[in-house]
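Please open the structure in your viewer and keep the selection panel at hand. The stops below each name something to select and then say what is there.

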Amino acid sequence: MTVTIYIPRDSGALALGADRVARAIGEEAQARGRQVRIVRNGSRGLYWLEPMVEVETEKGRLAYGPVKPSDVPSLFDGDFLSGGAHPLFLGRPEEIPFLKRQTRLTFARCGITDPVSLSDYEAHEGLKGLRNALSMTPQEIIGEVTESGLRGRGGAGFPTGIKWKTVQDQPPGQKYIVCNADEGDSGTFSDRMIMEGDPFVLIEGMVIAGIAVGATRGYIYLRSEYPVTHRILEEAIAAARQAGVLGGSVLGSQYAFDIEVRVGAGAYVCGEETALLDSLQGKRGQVRAKPPLPAIEGLFGRPTVVNNVISLATVPVILDRGGAFYRDFGMGRSRGTIPIQLAGNVKRGGLFEAAFGLTLGELVEDIGGGTASGRPVRAVQVGGPLGAYFPPALFDTPFDYEAFAEKDGLIGHAGIVVFDDTVDMLKQARFAMEFCAVESCGKCTPCRVGSTRGVEVLDRLKNNIEPERQIEIVTDLCNTMKFGSLCALGGFTPYPVLSALRHFPEDFRPHPVREAAE
Amino acid sequence: MQQASTEMVSAVAPIIERWKHEEGPLLPILNGILREFGYVPREVLPAIAEALNLTRAEVYGVVSFYHDYRQNPPGRHVLKLCRAEACQATGGEAVAEKLQKLLGVRFGETAADGSVTLEPVYCLGLCACAPSAMLDGELIGRLDEERAEEIAREVRA
Ligand SMILES: Cc1cc2nc3c(=O)[nH]c(=O)nc-3n(C[C@H](O)[C@H](O)[C@H](O)COP(=O)(O)O)c2cc1C
Ligand code: SF4
């Protein structure tokens, strides 16, 4: 009897040796004369357990992990092919508390299916949203998306339905759907995970967007740091074309839609939508003022929907279950679920999709299990390199756009990077300025020059040269950057800097111990 | 040199041909050249400019904007080490120091023996298994000192 084994091909699992484990299992099975079928699935997002191997048994899928190639003989000895006992045995993955506590809507299939098998996708509710959309008018589709309350997951939180309506309202002609897969924020990987683990859901979301606004062409602008993602996307797009999900007649309908992947070239600012569009057109990725909005004058001057990967990948479940179903999750004006990414120095790092509203403390301490180093948590940065640093004193903040804004923070793309008590917040503030200087597109003086000045000032502060004066200058600089920058790179770099200064003032004052240690 | 540059130009001709009729062809062409040579040689820019009806300055402006477009040949191996926050939080800096010592290069440099080029990268999306790196396209998670030593041996071999 052939046993089916799942071993992820997700970048994170590969970085931890999943290919070597797959090879070892294949070879061991052959040596022992056992018939196995290895499926390379996506990751479930429990990275501290990767590579996590699952076996299809009479009792359902059972997991083992984290598996090293050297564990493979003992797994066979323990008869893992029928779910036998082993120190790495984890039981049913759905019962692992980290997964059990989640509400997986966008990530419903991720880690379960073969990411490039369209039949597997369909067997797990795939294409139902698109089929519904094909029986609706474009107005009705946009109505559902608007009703769902979905806000852009790329960081700005703009209502997706309203954006689509603007593009739809433009006169007919060439329009585009552009998927922003530039995912540059440190501490985030949800775009990568869904594109590697369930690429069809993104494709389906883009097709629905195209039908809704009258676009026939889609681009996925993918960052070059994701080569594995690129391969998987290309396989999935080819399969979707083959099956007529993409092409001249989407599932036999009167609609045409096709998608092309374009790879970036390493520039954080190209995640900003106007820079991204310029980059797609083969130019330097320079930010431009809005208006005109990309929805009106976007790619090649044509009306364009620019949406984050997660925004688009959430559309199929909304069209499948209805806008009201999605809207009923969440709190306040933050509706639905958000895939939170727990990263950095955290015991249980990974992807946690949940309705908005969990507190930061629940996420970090309870779900994440605190630090990996075992030391106390001192700071967490939420929302990437432009997000604020929060101390444990703010851990009662609920995960919600408005609640974070109220505390001078942002949820951004929902990454949380955890730091223990060895962190030096002056250094982190300096890094924020340095990063801004390296990645600035150069258009605005406050961003381009202010960030370089910021690094110098913080260096003087570190060397204890007139510390109070430097703090004044850096605060001033931050204000200038905040109000004099065209985009959030220059405009939000003050968040990490000022939050570090405000919540961790002791790191910015003369520090004899640190001086001595260096 | 003359001959080398003629060879280069003929090697990029099919890459240019493949893309020049598509929408927004410049980045795909430069990415193709990067894959082919490991860098974007100055010698090929005029051919691109001509094919796309751009000035050389425009093409150069794009090449110099993006971090990926190295303008000099890299070493036999390319090691990209993540320096962003999630990797900082997990001891990435200490590993980076160690690797720079072991390899005898600073960030942005190529070793004198041509063995390796060390480059910073700001996030590989492996933030839940940090620190991370990419060696010749192969991903590495939970990078520690032991693995750093292995990498150093590997690139020297
Ligand atoms: C410096 C900068 C970097 C950005 N990076 C990204 C990114 O990597 N991915 C993304 O989806 N949005 C990013 N954004 C936000 C985009 O400009 C835009 O708001 C988003 O793609 C819109 O999609 P959404 O409405 O679905 O969120 C960035 C913005 C700025 C200012
Ligand atoms: S704030 Fe910085 S990155 Fe943004 S447009 Fe201005 S110079 Fe460019």
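**Stop one: two loops of chain A**

Begin by selecting Pro291(A), which lies in the loop between helix H12 (273–280) and E9 of chain A; helices (H or I, at least four residues) and strands (E, at least two) are DSSP runs numbered from the N terminus. The peptide bond that leads from Lys290(A) into Pro291(A) is cis, with omega near 0 degrees. The model is a predicted one, in which local features need pLDDT of at least 70 and side-chain atom pairs count only at pLDDT 80 or more, while totals for chains, interfaces and linings use all residues; side-chain values use heavy atoms, with hydrogens and water left out. Residues are numbered from 1 along each chain as its sequence is written, and chains are lettered from A and ligands numbered from 1 in the order in which they are written.

Next select Glu466(A), whose place is in the loop between helix H18 (445–462) and helix H19 (467–484) of chain A. Phi of Glu466(A) is near 40 degrees, a positive value in a residue other than glycine. Most residues other than glycine have a negative phi, and most peptide bonds are trans.

**Stop two: ligand 1**

Now select ligand 1 together with the 20 residues that surround it, the closest being Gly154(A), Asn180(A), Asn307(A), Asn308(A) and Ser311(A); a residue is near a molecule if one of its heavy atoms lies within 4 Å of it. Strand E9 (304–308) and helix H20 (488–492) of chain A each supply at least two residues of this shell, and E9(A) gives the most, with 3 residues. Domain 2 (118–327) and domain 4 (425–517) of chain A both give residues to the shell, so ligand 1 lies between them; the domain bounds come from an automatic or database domain assignment.

A backbone N or O atom of Gly154(A) lies 2.7 Å from a ligand oxygen, a polar backbone atom of Glu183(A) is 3.1 Å from one, and a backbone N or O atom of Gly184(A) lies 3.4 Å from one. The protein covers 92% of the 610 Å² of accessible area that ligand 1 has on its own, with areas taken from the Shrake-Rupley method with a 1.4 Å probe.

**Stop three: ligand 2**

Move to ligand 2, which is surrounded by 13 residues, the closest of them Cys441(A), Lys443(A), Cys444(A), Cys447(A) and Cys487(A).

**Stop four: chain B**

Finally, select chain B, whose C-alpha trace spans about 50 × 30 × 25 Å along its principal axes. The secondary structure of chain B comes to 7 helices and 4 strands, which follow the pattern α-α-α-α-β-α-α-β-β-β-α along the sequence. Within chain B, zoom in on Pro131(B), found in the loop between strand E2 (116–121) and strand E3 (133–135). The peptide bond from Ala130(B) to Pro131(B) is cis, with omega near -5 degrees.

Methods
Polar contact = N/O pair within 3.5 Å; in protein donor to acceptor, adjacent residues only side chain to side chain.
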